[in-house]
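Hi everyone, thanks for coming. Today I'd like to walk you through a structure that may be new to you, so please have a look at it while I talk.

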Amino acid sequence: MAEIIVALDLPDSSAALSLVDRLGDSIDYYKVGSPLFTRSGPAIVHALADRGKKVFLDLKYHDIPNTVAQAVRAAADLGVAMLTLHAGGGMTMMRAARDAVGPDGPILLGVTLLTSFNAAEVEQVWGKELRSLREEVARLAALAADAGLDGVVASALEVESLKRRHGNEFVVVTPGIRPAGHLAGDQVRTGTPAEAVRAGSDYLVIGRPILEAPDPVEVVARVRDEVAQAREQRA
């Protein structure tokens, strides 16, 4: 599948919807994260739905189980296609989210380790030495799977092993996608569109390479070509 999700990490709904209208039918999925949602609220989700777009609500819920269950139910009522919660919130929290929307709700994704994290930062947060980032991602992904989530958010470096362990039905959304020649910025564990597709990613989240381009339509077209070629190589 390898759908492209454009991250609407823009200052307000006017700028976001202007980009959506410019990209037109070339993109079906858009990520709404905490900056845009905090400024624009549910109205941005409704505006995207009115344009026939599917929303990946990336608010990374992490709270007590009852609060997360209520938040996930509210997101489902908005009609979002996918949403995120931190796998580090624990089994009880994730199961509460699953129970809140049932099997027919939005795709629930556990956030494993942010792609901006390196090993030293994770060790500082967890207060323990890691054998590898990949193993820590695998551990958190297994918790998410056991809790009944539909999949996880993970970098291109971890996708192949996650698919091998949990099967192709386990959804993996990959942020930190950087086409060749684009700077990583604050992302540490990045990958090109082709690398992510060959690894088995289901959705590729791309922000700054499109948002900052003089011609975002042309960037999307190039990414689509790269994805198509990678699919053929993987088949």
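Predicted model: local features only at pLDDT ≥ 70, side-chain atom pairs only at ≥ 80, totals over all residues.

**A first walk through the chain**

Where does Lys 60 sit? You can find Lys 60 in strand β3, which covers residues 54-61. Most residues other than glycine have a negative phi. Lys 60, though not a glycine, has a positive phi of about 50 degrees.

Which residues does Lys 60 touch, once we set aside those up to four places away in sequence? They are Thr 84, Leu 85, His 86, Val 111 and Leu 114.

Now let's step back to the whole chain. It has eleven helices and eight strands. Its radius of gyration is 17 Å, close to the 18 Å that the globule rule gives for 235 residues, so the chain is as compact as a globular protein of that length. Along the principal axes, the C-alpha trace spans about 45 × 40 × 35 Å.

How do parts of the chain that are separated in sequence come together? Take the contacts between residues at least 6 apart in sequence: 67% of them join residues at least 24 apart.

On to the inside. Of the 235 residues, 51% count as buried. The largest nonpolar core has 68 residues, and those with the most contacts inside it are Leu 8, Ile 44, Leu 48, Tyr 61, Leu 83 and Leu 85. Apart from that core lies another, of twelve residues, including Val 111, Val 153, Tyr 203 and Val 205. If you'd like to explore around Ile 44, look for Ser 13, Ala 16, Leu 17, Val 32, Leu 36 and Phe 37: Ile 44 is in contact with these, leaving aside its neighbours within four places in sequence.

Is Ile 5 buried or exposed? Ile 5 is buried, because its relative accessible area is 0%. This residue belongs to strand β1, residues 3-7. Not counting residues up to four places away in sequence, Ile 5 touches Tyr 29, Tyr 30, Lys 31, Phe 56, Met 82, Tyr 203, Leu 204, Val 205 and Ile 206.

Next, please look at helix α11, residues 216-234, where you will find Glu 218. With a relative accessibility of 36%, Glu 218 counts as partly exposed. Glu 218 and Leu 23 are 195 residues apart along the chain, and 9.5 Å separates their C-alpha atoms.

Finally, the surface and the charges. The chain exposes about 10,900 Å², and carbon and sulfur atoms supply 48% of that. There are 25 positive and 31 negative side chains, and the centres of the two sets lie 2 Å apart.

That's my tour; I'm happy to take questions.

Terms used. Residues numbered from 1 in each chain as written. Heavy atoms only, no water. Helix = DSSP H or I, 4+ residues; strand = E, 2+ residues; numbered from the N terminus. Rg over C-alpha atoms; globule rule 2.2 N^0.38 Å. Buried < 20%, exposed > 50% of the residue type's maximum accessible area, 1.4 Å probe, protein only. Contact = heavy atoms within 4.5 Å. Areas by Shrake-Rupley, 256 points an atom, 1.4 Å probe, with all protein chains shown as cover. Lys, Arg positive; Asp, Glu negative; His and termini not counted. Charge placed at Lys NZ, Arg CZ, Asp CG, Glu CD. Core = buried A, V, L, I, M, F, W, Y, C linked by side-chain atoms within 4.5 Å.
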